[in-house]
Amino acid sequence: MKKIFSRPESLTAKRNIYCSGCGHGIVHRLIAEVIDELGIREKTIGVAPVGCAVFAYDYWNFDVTEAAHGRPPAVATGIKRVLPDRVVFTYQGDGDLAAIGTAETVHAANRGENITIIFVNNGVYGMTGGQMAPTTLIAQKTTTTPLGRDPKIAGYPIKISEALGQLEGSVYIERVTVNSPKNTIKAKRAIKKAFQNQIQNKGFSLVEVLSMCPIAWGVNPVEALKWIEQKMIPVFPLGVIKDKDLTAKGNL
Amino acid sequence: MENRILMQGNHAVGEGGLQGGCQAYFGYPITPQNELTQYMAKRMVEERKVFIQAESELAAINMVFGASLVGARAMTTSSSPGISLKQEGISYMVGCELPGVIVNIQRGGPGLGNIAGAQGDYFQATRGGGHGDYYLIVLAPDSVQEMYDLTREAFDLADKYRNPVIVLADGILGQMLEPVKIVKKNPMSNFSAKKDWILDGCKGRKPRMVRSLLMGEGVLEEHNLKLGKKYERMRKSEVRVETDNLEDAEVALVGYGISARICKEAMEIARQKGIKVGLVRPITLWPFPEKVIAENVDRLKAFLVIEMSLGQMVEDVRLATNGKCPVYFYGRTGGGIPEVDVIVERIEKILK
Amino acid sequence: MREEIIMAGFGGQGIMFAGTLLAHAAMEEGLNVTYFPSYGAEMRGGTANCTVIISDENIGSPVVTNPSALLAMNESSLEKFSSKVKKDGLIIVNSSLLKKEIKINDVEILKIPATELAEKLGDNKVANMVILGAYINRSKVVSLERTMDSLKKVLGEGRKNLLKLNREALKKGEENR
Amino acid sequence: MGKIIINIEQCKGCKLCVIFCPKQLIKLSEKLNPAGYHPAEFIDNGQCNSCGLCYQMCPDVAIEVWKGEKR
């Protein structure tokens, strides 16, 4: 018999500390597989965020640093400008990317930095205990919106990917999810494209991944898959938001 | 005369940075250091190096973090309010042991303050500045020549200790023009080969991680103790101070940066009047030249500290005297400049 | 020897340029020199001033309260700084833009119709050079020749076309005393 | 014919593999693993066709999928 699916080389053997049913582990693996398949493990530098994925450097088997909360796009910019032939990506949650790091995200995109961003959106601050994130849904209960998010008080879930798509500097933006095998395989295709774009010097690519946080949502891991389907996707629709390749061909 | 060029202080910092081997510069506009960012916009591109006008000071310091992480000599510059924003990144750089040069062309504060030269950021610079438990070497030029020299040397010091270095100047030094002697040398010769900690892709080696989050029991303490030993080495080896006329002095003026130049003038005038005045000019504000103060406590009648603040360095002078010699203070704040006549009057009053 | 010069005028009258030129010439003379500009909001549209200190000894603060010389390019600058000039100091004033009579005790006052002289040369923008020329003649702190050389360097390649006119204006000022 | 190998130590018993296995060949064990979870357990009855859906959904990358040679 031969092994057809197993831990990719770009993932260490270390057991992750994420909660049971958390989507981060799947996204970590997708990135590791893509890096293996593109043969770029030895020239990749990852930038981990502050949030649940702050320990990502323990799980990836390539060079990884950790940035201050929200600053990965600035750190990645510094790295990429000095070493343009390396593959540089950031891995950020919704608080990191769309709240405290909004400016860094918007301006890295606007400069067309030739980097890849994997944006994991689960609608809450997980690590600090399930507080409201910028992407928290209307009426969603969190520890800081105990009665549900009221837009009159706390604004609306921010569609940062759509906003970034409006910028001239962004090249490719797609929203995917990992709530089913089919969607997970699609997510991997998008992540691969975002890395390939960088290798081909196309510029700023971002993949937003809707990801499960069963603990903060107060559901079990299986219910969390449905939660994404029924609650998140209607607000954050899946699909390509921007692809300059397709625009050029007139397909989008 | 040796070959001198007339140069603005801000430009001298930029050129000093280039001669120090700066490979990546990240700036954000703020008065009174704009000429520096503008200078780098031109010169870094001429030298085919990295220049970015960042979207904020926060982004700029984190770009320095990234550039330094992959082995480049990197610099960012700003003025007081912008330096406050950079403190987050500076703390992370220290935690990750990343070198880098940060230049503060101080202006009046607190808050937005004004754009006049001031020295209100002494505490911030010499006590770490950001969160956590750390120190940085702080260099204080007092001339356009030293803006050039000390910025150049800051890169070596940063690499030597794998720690950020601050050049603490002010708006007057930034804006003024003076002749500068440009000294060219190979800046990378000493340290470039030793960067065996950078992230540049794990080809041919094990993957590395650079981080400052150290959650395991006792791990952070161990790390901080290691950094502490580094700070001790800095304290032992890097103190720089200029002294003048201390041998027969009754009163020593203590000032840094632009205030020190005012002190020098006051000392000359006092000496013309027959008053025996000496000078201590700390060039490194951290490590502070406490030894030279302590050594003179018995001979001197008093120290008079001159600053463009409500009194910050004066505390370090008091600590160094350890109560064994009176320490007086005269300062102007909010952009005010200490007056030579007033300094001389104060000295006369002290000696009465 | 120590000279402390404040130059002041409207923004756009070339105050900063004249100050830089004087500083450069002083450096070429082998002297110590500092140049300190006013900066900030004043720079745009309002008044502009700068301080040049030239000395054969070390220079302390580049900022002075009581200059030994004031080069005033307009009336408001004269009003702002004239009372601060040291006893037995020098004021050179652009009399073309002066409406009032001036009386200041214990100070030598030199009136130069700089704007008119500059206009005769073809451009009133070089009034700054006329005033500077007059100062150089009066103070002898730097030589005219040295200043002419410095002018070339300070203008640089980019503004080479302005060299001839500026030199003429310097010379004009130097002759008018 | 295929099989999967589950790393019992890494499994957190989230059940995502269980619900996506088209042949219902995975269940949660009644035993506890060292981290206190009931880990997933493979029912090896010769029906596994190595589709890998369990692997795709495992947040802990705790599943290896093996495929038999064609006979």
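## Polar contacts and salt bridges

Across the interface of chain B and chain A, 15 residue pairs are in polar contact, both residues at pLDDT 80 or more. A polar contact is a pair of N or O atoms within 3.5 Å; within protein, one must be able to donate a hydrogen and the other to accept it, and residues adjacent in sequence count only if both atoms are side-chain atoms.

Three salt bridges are counted between the two chains. Each is a side-chain nitrogen of Lys or Arg within 4 Å of a carboxyl oxygen of Asp or Glu. One of them joins A:R111 and B:E55, at 2.9 Å from N to O.

## Basis of the model

This is a predicted model: local features need pLDDT of at least 70, side-chain atom pairs count only at pLDDT 80 or more, and totals for chains, interfaces and linings use all residues. Residues are numbered from 1 along each chain as its sequence is written, chains are lettered from A in the order written, and side-chain values use heavy atoms, without hydrogens and water.

## Extent of the interface

Contact (heavy atoms within 4.5 Å) links 35 residues of chain B with 33 residues of chain A. The buried area is about 2600 Å². That is the accessible area (1.4 Å probe) lost on putting the two parts together, summed over both. Carbon and sulfur atoms give 63% of the buried area.

## Paired strands

Strand 3 (residues 63–66) of chain A runs parallel to strand 9 of chain B, joined by two bridges. Strands are DSSP runs of E, at least two residues, numbered from the N terminus. They pair if DSSP finds at least two bridges between them. A:T65 stands opposite B:V210.

Terms used:
Helix = DSSP H or I, 4+ residues; strand = E, 2+ residues; numbered from the N terminus.
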